[in-house]
Structures are given as C-alpha cells and as structure tokens.
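Opening the notebook on a new model today. I want the overall layout, then a few residues up close.

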Amino acid sequence: MTLLDIKNHLENLNQIAFQLPNGSLVPSHFHVTEVGKVDKNFIDCGGTVRTESVANFQLWEANDYDHRLHPEKLVSIIELSQRLLKLDDYLEIEVEYQGETIQKYDLDVKEGVFQLTTKFTDCLAKDNCGIPQEKPKKNLNQLTQPTNTCAPNSGCC
C-alpha cells in the first residue's frame, strides 16, 4: 500500500483499526509516533548494488486509553510528513509495531480495516548463488492422460 492509497482509504473511514496477522487488533488507543522515509542502500549476495525506499509508520501504545487517532488527523500527519520530508505519494508503506522486538509489516486494507501483513526475507540473487528455481507444482489429478497414437501393426510400438 502506498501513501496515496492510505490517504484515499482514510477519507472514507470514521475510525482507524489495524489488525495483526494473528487476527488481534492493535489497541484503539495507539499512536502513530513516526512517519518517515527509510532509504536502504545495500549489496546483495550476488554483488549487485541495490536501493530501496519506504515510507515508515511506527505504531505505539501507551496507557492513555482515552486517546483515539481520527482518520483526518492521520491524513494531516501524512501530508505534513510529505511536505517536510519530500515523500512521494507512491512510496510503499512499512509499519513498525512492538512485539517481542520491533516487528515490520507490509500494509493492506480489507473491509475498512488496515491489515498488518507478514514480511519475509528473500535472496535477491538466486541465479548468482546457485539456488535452483522453484518448479511450479502441479496437481496430479489435473494432468491429462496421454493418448495412444499408435495403431495396431503400424510398427511404432
């Protein structure tokens, strides 16, 4: 989800809810303590120099149970961040939230609820590392049976 996507979704909401991958909700008294841009410059294991940029949201909760972040307030925080930090509308969003350690999630939306979706590591240079390409899996029930094209006494069998 991009910054533009979240702003568009927020325009149609009366309240904000974030759901963790396990189905539980981030407590409704959460704060968005940071909106920023994270630039990552790195070399993958195949020696290719790469860069990635994401818009970073940090969710945090305190003991102020009466706090509620309203959609229009989050839009104003995002727009202020965009102006001051020169954030592009099309930056993908990564969300940080405290679990056993700081956990990072991708963001999606389903039925008006923002979904924190699991992120995974990956090798970006599989072809240089000798990692075989994953072969597509096929369901044996969907394979067609070969037809016999040999006629009796034709000499092909």
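I started with Phe-30, which is buried because its relative accessible area is 1% (buried is under 20%, exposed over 50%, partly exposed in between, with a 1.4 Å probe and protein chains only). Before going on, I noted that this is a predicted model, where local features need pLDDT of at least 70, side-chain atom pairs count only at pLDDT 80 or more, and totals for chains, interfaces and linings use all residues. I also noted that residues are numbered from 1 along each chain as its sequence is written, and that side-chain values use heavy atoms, with hydrogens and water left out.

Which residue forms an aromatic pair with Phe-30? I found Phe-18, edge-to-face, at 5.3 Å centre to centre and with 90 degrees between the planes. The rule takes rings of Phe, Tyr and Trp (its six-membered ring) with centres within 6.5 Å; planes under 30 degrees apart are stacked, over 60 edge-to-face, and the rest tilted. Phe-18 sits in strand β1 and Phe-30 in strand β2, so the pair ties together parts 12 residues apart in sequence. Phe-18 counts as buried too, at 0% relative accessibility. The count of aromatic pairs comes to 2, and one aromatic cluster takes in Phe-18, Phe-30 and Phe-114.

I also looked at a charge over a ring (NZ of Lys or CZ of Arg within 6 Å of the ring centre and within 35 degrees of the ring normal). Lys-40 lies over the face of Phe-42, 4.7 Å from the ring centre.

**Layout**

I counted 3 helices and 6 strands, as DSSP runs numbered from the N terminus (helices are H or I, at least four residues; strands are E, at least two). Along the sequence the pattern reads α-β-β-β-α-β-β-β-α.

β1 runs parallel to β6 (residues 113-118), joined by 2 bridges. Gln-19 has Gln-115 as its bridge partner in β6.

Glu-94 is in strand β4 (residues 93-98). Buried or exposed? Glu-94 is buried, because its relative accessibility is 9%. Leaving out residues up to four places away in sequence, Glu-94 touches Val-54, Ala-55, Asn-56, Phe-57, Lys-104, Tyr-105 and Lys-119 (contact means heavy atoms within 4.5 Å).

Asp-64 is in the loop between β3 and α2, and I have it as partly exposed at 28% relative accessible area. With residues up to four places away in sequence not counted, Asp-64 touches His-29 and His-31. The C-alpha atoms of Asp-64 and His-29 are 6.9 Å apart, though the two are 35 residues apart along the chain.

**Totals**

Of the 157 residues in the protein, 30% are buried. Among contacts with a separation of 6 or more, 64% come from residues 24 or more positions apart.

Key:
Pairing = 2+ DSSP bridges.
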